[in-house]
Amino acid sequence: RMPEAVYAIRALAPTVFIMGVLGVMRGFFQGHGTMVPTAVSQILEQLLHVAISLLAGYSLFQKGLAKDAGNGNYYASAYGAQGATYGVLAGAAAALLVLVFVYLLFRKTLIVRCRKNTCEVLDPVSETLKNIVMTAFPVLLSAALSNVGTLLDQMIYAQYSRSDYRAIWGVYSSKYTVLINVPIAIATAMSSSTMPTISASIAQGDQEAARAKANAAFRFILLIAIPASVGLGVLGKPCFDLLFRSTDNTLAGQMMAYGSAAVLTFCFSTLSVGILQGNNNFWTPIWNTLKALALHLPLLAFSLWVLESDIIGVVVNHVLLSLFVCILNLMSLRRKLDFKMEFKSILPRVVICSGIMGAVCFFLYRFLRGYAGNTVSLLLTILAAVIIYFIAILLSGAVSREDLETMPLGRKFIRAAEKLHLMRK
């Protein structure tokens, strides 16, 4: 029931192929131990993405307005989305060209290096391709299932809605989901970086090291996800007012108030998937996701048709779906890796510290809002929240020196804490 979306889908189609090749090229350079080509290509990709999206989106939006001509159609929005999607295509194409150029520059050097490397066995191409497919297919399927869940939610909500549901779903997908995905991206990056290190430990037969790395990753996510959930729950509406100034964000704020816990549940489920895959259990997350969907879909239908909770029911069940996946994955980790969570002692402390931070945010924002605009009040409140949470977790003992040393910029945090006498040298 959204035929106008075809314009953006057509614009996106070539990007699927380009992103596939781009991913292989980035993996090639990362496999050679350098992130520089990947970083440069990503910066260029995002710059062109933003520039072309704005220009093409504005131009085609104006074209769509003329076609609508007061008929109340969606051509302006559809054409605008098409133009924004061209930005994705342009950014990906430019990034790929950069990596191809870098590859051609170093191709002769790479060939010489390969010829000198005579001490290792070269696997047949057929064997290499088989290994890639056997590894990649379940990973791709696992990633696709999460998107299928969102698509099924949209189909069910479209059937439930008695009127044009596109505006409400646009708030859900383009506001609530976008803001939720910002902290979840940290878990995705952590999952990607944790999987090869755990795989290496398991390949060496060191199960203890694999469990230690998994626990360290969960502790890091715990320290980030809980305060992020609380912060978004308290400051969701002001954040939307800052990002989407020209629209009414009341509904988006309500969604965030009910659904901010998705940050925590999705972070844990995403990381648990990566750890299972790193333990060579590629199919386990897939079966767990299917089981979670089997629980989720009837609950969603019950929430809509029986409880009549409308879009808030979709939001709450979105959180429950990731919670189901998380619980099933943790059970699988315990069974297959003998994994036991070693952060039960710090969990209450992180919750209390996040609660204190959330209470300060709630009252401080409302106090500042009486004297300044939303932007200034929000930014000052976020700054205060970061400082208060950092001090609280150090004073409570929720995070140790060893935990900080394993985190990005951890040593700088340690030096700052020592100067403030929040941590012993």
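**Close-up 1. Helices α7 and α10 cross in a right-handed manner in this predicted model**. The two helices pack at an angle of about 30°, and their axes are 9 Å apart. On the α7 side the contact is made by Leu-251, Gln-254, Met-255, Tyr-258 and Gly-259. On the α10 side it is made by Ile-311, Ile-312, Val-315, Val-316 and Val-319. Sorted by kind, the residues of this contact are 8 nonpolar and 2 polar, with no charged residue.

**Close-up 2. Leu-251 is a residue of helix α7**. Leu-251 is partly exposed, because its relative accessible area is 27%, a value that lies between the 20% limit for buried and the 50% limit for exposed. Leaving aside residues up to four places away in sequence, Leu-251 touches Ile-168, Val-171 and Ile-311. One of these, Ile-311, belongs to the α10 side of the contact between α7 and α10. Lys-419 is 168 residues from Leu-251 along the chain, and the C-alpha atoms of the two residues are separated by 44 Å.

**Close-up 3. Helices α6 and α7 come within 8 Å of each other, axis to axis**. Helix α6 covers residues 207-243 and helix α7 covers residues 250-259. Their axes cross at roughly 160°, and α6 and α7 are therefore roughly antiparallel to each other; the limit for this term is an angle over 145 degrees. The crossing in which α6 passes α7 is right-handed. From α6, the residues that meet α7 are Leu-232, Gly-233, Gly-236, Lys-237 and Phe-240. Their partners in α7 are Thr-250, Ala-252, Gly-253, Met-256 and Ala-257. The contact divides into 5 nonpolar, 4 polar and 1 charged residue.

**Close-up 4. Helices α9 and α10 pack at an angle of about 155°**. Helix α9 is made of residues 284-306 and helix α10 of residues 310-336. Their axes are 8 Å apart. The two helices are therefore roughly antiparallel to each other, and their crossing is right-handed. Among the residues of this contact, 12 are nonpolar, 10 are polar and 3 are charged.

**Close-up 5. Glu-308 sits in the loop between α9 and α10**. Although Glu-308 is not a glycine, its phi is positive, at about 55°. Glu-308 counts as exposed because its relative accessibility is 53%, and exposed means over 50%. Asp-310, found in helix α10, also has a positive phi, near 55°, and is a residue other than glycine. With a relative accessible area of 29%, Asp-310 is partly exposed.

Close-up 6. Asp-338 follows α10 and has a positive phi, near 50°.

**Close-up 7. Helix α12 covers residues 374-396**. Its 23 residues should span 33 Å at 1.5 Å a residue, and its end C-alpha atoms are 32 Å apart, which agrees. The buried residues in α12 include Asn-374, Ser-377, Leu-378, Thr-381, Ala-384 and Ala-385. Tyr-389, Phe-390, Ala-392, Ile-393 and Leu-394 of α12 are buried as well. Gly-397 follows the helix, and its phi is positive, near 80°.

**Close-up 8. Ile-352 lies in helix α11**. This helix is formed by residues 347-369. Ile-352 counts as exposed because its relative accessibility is 54%. Ile-352 and Tyr-389 are 37 residues apart along the chain, and their C-alpha atoms are separated by 10.0 Å. Tyr-389 is one of the buried residues in α12.

**Close-up 9. Gln-154 lies in helix α4**. Helix α4 consists of residues 125-160. Gln-154 is buried because its relative accessible area is 19%, and buried means under 20%. Not counting residues up to four places away in sequence, Gln-154 touches Met-2, Tyr-165 and Trp-169.

Notes: Residues numbered from 1 in each chain as written. Predicted model: local features only at pLDDT ≥ 70, side-chain atom pairs only at ≥ 80, totals over all residues. Heavy atoms only, no water. Axes fitted to C-alpha atoms, helices over the stretch in contact; angles between N-to-C directions. Helix = DSSP H or I, 4+ residues; strand = E, 2+ residues; numbered from the N terminus. Parallel < 35°, antiparallel > 145°, perpendicular 65-115°, else oblique. Left-handed = near helix turned anticlockwise from the far one by under 90°. Contact = heavy atoms within 4.5 Å. Nonpolar A, V, L, I, M, F, W, Y, C, P; charged D, E, K, R; others polar. Expected span 1.5 Å × (residues − 1). Buried < 20%, exposed > 50% of the residue type's maximum accessible area, 1.4 Å probe, protein only.
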